[in-house]
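Here is a short report for a reader meeting this model for the first time. Please look at the sequence and the structure before reading on.

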Amino acid sequence: MQLNAPTNDNYQLKAPMVGILYFAPSPEKPDFKKDGDRVEKGETVCIIEAMKMVNEVKSPVSGTIVKRLVDNGSMVEYNEPVYEIKED
């Protein structure tokens with residue numbers, strides 16, 4: 001479920017596949033990244049579970065996480081915006 005569509009020129013990190021998106025590696029672990037956190041290119045920002053396989057989603061850019069655009073545990077579609085990132 002999309003929460004907020006980006007309204008500026010920030011980078012949109014999009015889901016590379018269909019599946020269930022999680023912001024933490026497991027329920028008892030902290031989130032990979034939260035709003036306001038710094039992210040480096042290649043760093044894992046979330047995971048998507050598809051067909052019982054867990055796939056890491058890595059940031060293709062460096063910058064600051066502006067906001068999450070979907071809810072944790074929600075089904076995402078291919079190419080659906082997941083994060084808004086202000087690039088350096």
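**The whole chain**

This is a predicted model. The chain has 8 strands and 0 helices. Read along the sequence, its pattern is β-β-β-β-β-β-β-β. The radius of gyration is 12 Å, close to the 12 Å that the globule rule gives for 88 residues, so the chain is as compact as a globular protein of that length. Along its principal axes, the C-alpha trace spans about 35 × 25 × 20 Å.

Of the 88 residues, 38% count as buried. The chain exposes about 5300 Å². Carbon and sulfur atoms supply 51% of that area. Contacts also reach across the sequence. Among those between residues at least 6 apart, 64% join residues at least 24 apart.

Strands of a sheet pair through backbone hydrogen bonds, either parallel or antiparallel.

**A buried valine**

Valine 39 is found in strand 3. Is valine 39 buried or exposed? Valine 39 counts as buried because its relative accessibility is 0%, under the 20% cut-off. Beyond its neighbours within four places in sequence, valine 39 is in contact with Lys33, Val45, Ser59, Val61, Ser62, Gly63, Ile65 and Ile85. Proline 27 makes a contrast in position: 12 residues separate it from valine 39 along the chain, and their C-alpha atoms are 21 Å apart.

**Salt bridges**

The structure holds 6 salt bridges.

| Partner | Partner | Distance |
|---|---|---|
| Arginine 38 | Glutamate 40 | 3.0 Å |
| Arginine 38 | Aspartate 88 | 2.6 Å |
| Lysine 67 | Glutamate 84 | 3.9 Å |

Start with arginine 38 and aspartate 88, whose closest N and O atoms are 2.6 Å apart. This pair links distant parts of the chain, 50 residues apart. Arginine 38 lies in strand 3 (residues 38–39), while aspartate 88 lies in the segment after strand 8 (81–87).

How accessible are these partners? Arginine 38 is partly exposed, with a relative accessible area of 38%. Glutamate 40 is partly exposed too, at 37% relative accessibility. Aspartate 88 is exposed, because its relative accessible area is 67%, over the 50% cut-off.

Now the pair of glutamate 84 and lysine 67, which meet at 3.9 Å, N to O. Glutamate 84 lies in strand 8 and lysine 67 in strand 6 (residues 63–68), so the pair ties together parts that are 17 residues apart in sequence. Glutamate 84 is buried, with a relative accessible area of 1%.

Which residues do shared partners join into one network? Salt bridges that share partners connect Arg38, Glu40 and Asp88. Arginine 38 forms a salt bridge with glutamate 40 and another with aspartate 88.

Note on methods. Residues numbered from 1 in each chain as written. Predicted model: local features only at pLDDT ≥ 70, side-chain atom pairs only at ≥ 80, totals over all residues. Heavy atoms only, no water. Salt bridge = Lys/Arg side-chain N within 4 Å of Asp/Glu carboxyl O. Buried < 20%, exposed > 50% of the residue type's maximum accessible area, 1.4 Å probe, protein only. Helix = DSSP H or I, 4+ residues; strand = E, 2+ residues; numbered from the N terminus. Contact = heavy atoms within 4.5 Å. Rg over C-alpha atoms; globule rule 2.2 N^0.38 Å. Areas by Shrake-Rupley, 256 points an atom, 1.4 Å probe, with all protein chains shown as cover.
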